[in-house]
Amino acid sequence: VAKRLEKFKTTIFTQMSTLALKHGAINLGQGFPNFDGPDFVKEAAIQAIREGKNQYARGFGVPDLNSAIATRFRKDTGLEVDPEKEVTVTSGCTEAIAATILGLINPGDEVILFAPFYDSYEATLSMAGAKIKCITLRPPDFSVPIDELKSTITKNTRAIMINTPHNPTGKMFTREELETIATLCQENDVLVFTDEVYDKLAFEADHISMASLPGMYERTVTMNSLGKTFSLTGWKIGWAIAPVHLTWGVRQAHSFLTFATSTPMQWAASVALRAPETYYEELKSDYMAKKEILVDGLKAAGFVVYPSSGTYFIIVDHTPFGFENDVAFCEYLIQEVGVVAIPTSVFYLNPEEGKNLVRFTFCKDEGTLRAAVQRMKERL
Ligand code: GLN
């Protein structure tokens, strides 16, 4: 394997899902729903295939989808963007992240990450030859240590990566935090790359897009996807919204990474994004009921449960059970309890920082959640 990827292993999500199957354990690890997306979206995909929408799509997106994305962004943020010039459709948000980083970051540029961070950020920054600067968010509230952020920014800082609502903690960046980061970015000429794939799973606070803050649209790439919002994680439809001068870089990288994204799925995605507001309201209330089952169950089983404002993840401290670290705890949990969680140490540059924490997801049907909770109450 190339040096730039030497330190990375099989992703933790793949590892844990493989173990779940092997041990017949209930999988509350990898974040994918065990229920299907809505029928009207699936039907739209079938129809698009039948209608012959099966050849390469336009590189930066099927026109209908670009415009549906721009319309939704306007509803969500109040910002008017040009669907033809400022929206790029990608193969999932993971590709949007890769295209953004590879298209806008030079080798040696410094990029700031907040740990714990989603694993693809570090790997993709490494492929781009970026220098990673990491700031750790700590429990219980995972708030941004502003002084540390100030002292981490240098004249070589090119971008700050933000993820809100945040995987794996469920933290939502507060308006105050975003405003402070925005000011620092403007003072130091720094870009923001923001991953907002859980924006519709904001339970305890309103989601705020960095791009909507004064002066920030010009220096922000906003990334999102269809997967979480429409329970279709396997479709891999994502996008990046950015001003023309940044979109140029994103599109150049996208052209040579994947060239274009699945045509019929883009047509179906354009139908999905035109869903009435009631769709999102129902999604949220369904997830709130699931969240309650898991949170109550984890507390009853004896974990220290940290508050999660958004996403479908919950972070807990497993130390009441006396294991050495997160990996040892998760191994026991799979083998002896029959439940899979994600050890969080892989989400830190320094794995020690994550050793007390594990992540559970509640994107499963209620029966599955109750069964998992029951096992943990009885066997832990
Ligand atoms: N985003 C999903 C999670 O955090 C995993 C995606 C993947 O397996 N790469 O669980």
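The legends below describe close-up views of a predicted model.

View 1. The unreviewed UniProt entry lists residues 26-375 under "domain: Aminotransferase class I/classII large". Helix makes up 41% of the chain over residues 26-375, and strand makes up 16%. The C-alpha atoms at the ends of residues 26-375 are 9 Å apart.

**View 2. Helix 4 against helix 8.** Two packed helices are described by the angle between their axes and the distance between the axes. For helix 4 (residues 92-104) and helix 8 (residues 244-257), the angle is about 115 degrees and the axes are 7 Å apart. Because angles of 65 to 115 degrees count as roughly perpendicular, helix 4 and helix 8 are described as roughly perpendicular to each other. The crossing of helix 4 past helix 8 is right-handed. On the helix 4 side, the contact is formed by Glu95, Ala98, Ala99, Thr100, Leu102, Gly103 and Leu104. These residues meet Leu246, Gly249, Val250, Gln252, Ala253, His254 and Leu257 in helix 8. The contact of helix 4 with helix 8 contains 8 nonpolar, 5 polar and 1 charged residues.

**View 3. Helix 4 against helix 5.** Helix 4 also packs with helix 5 (residues 119-128), at an angle of about 30 degrees and with the axes 9 Å apart. Helix 4 and helix 5 form a right-handed crossing. Helix 4 contributes Thr94, Ile97, Ala98, Ile101 and Leu102 to the contact. From helix 5 come Ser120, Tyr121, Thr124, Leu125, Met127 and Ala128. By class, the contact of helix 4 with helix 5 has 8 nonpolar and 3 polar residues, and no charged ones.

**View 4. Helix 10 beside helix 12.** Helix 10 (residues 277-301) and helix 12 (residues 366-379) cross at roughly 5 degrees, and their axes come within 9 Å. Since angles under 35 degrees count as roughly parallel, helix 10 and helix 12 are described as roughly parallel to each other. The residues of helix 10 in the contact are Lys290, Ile293, Leu294, Gly297, Ala300 and Ala301. Those of helix 12 are Glu366, Leu369, Arg370, Val373, Met376 and Lys377. The contact of helix 10 with helix 12 divides into 7 nonpolar, 1 polar and 4 charged residues.

**View 5. The shell around the ligand.** Thr11, Phe13, Gln30, Gly31 and Asn167 surround the ligand. By class, this shell has 1 nonpolar and 4 polar residues, with no charged residue. Asn167, one of the shell residues, is joined to Pro168 by a cis peptide bond with omega of about 15 degrees. Pro168 lies in the loop between strand 5 (157-163) and helix 7 (175-188).

**View 6. The peptide bond between Pro139 and Pro140.** Pro139 and Pro140 are joined by a cis peptide bond, with omega of about 10 degrees. Pro140 sits in the loop between strand 4 (131-136) and helix 6 (146-152).

**View 7. The backbone at Lys236.** Lys236 is not a glycine, yet its phi is positive, at about 55 degrees. Lys236 is placed in the loop that runs between strand 7 (220-225) and strand 8 (238-241).

Conventions:
Residues are numbered from 1 along each chain as its sequence is written. This is a predicted model: local features need pLDDT of at least 70, side-chain atom pairs count only at pLDDT 80 or more; totals for chains, interfaces and linings use all residues. Axes are lines fitted to C-alpha atoms, for helices over the stretch in contact, and angles run from 0 to 180 degrees between N-to-C directions. Helices (H or I, at least four residues) and strands (E, at least two) are DSSP runs, numbered from the N terminus. Angles under 35 degrees count as roughly parallel, over 145 as roughly antiparallel, 65 to 115 as roughly perpendicular and the rest as oblique. A crossing is left-handed if the near helix is turned anticlockwise from the far one by less than a right angle, and right-handed if clockwise. Two residues are in contact if their C-beta atoms, placed from the backbone, lie within 7 Å. Ala, Val, Leu, Ile, Met, Phe, Trp, Tyr, Cys and Pro count as nonpolar, Asp, Glu, Lys and Arg as charged, and the others, Gly among them, as polar. UniProt positions are given in the numbering used here, feature names are shortened, and annotations may be inferred rather than shown by experiment. A residue is near a molecule or strand if its C-beta atom, placed from the backbone, lies within 6 Å of it.
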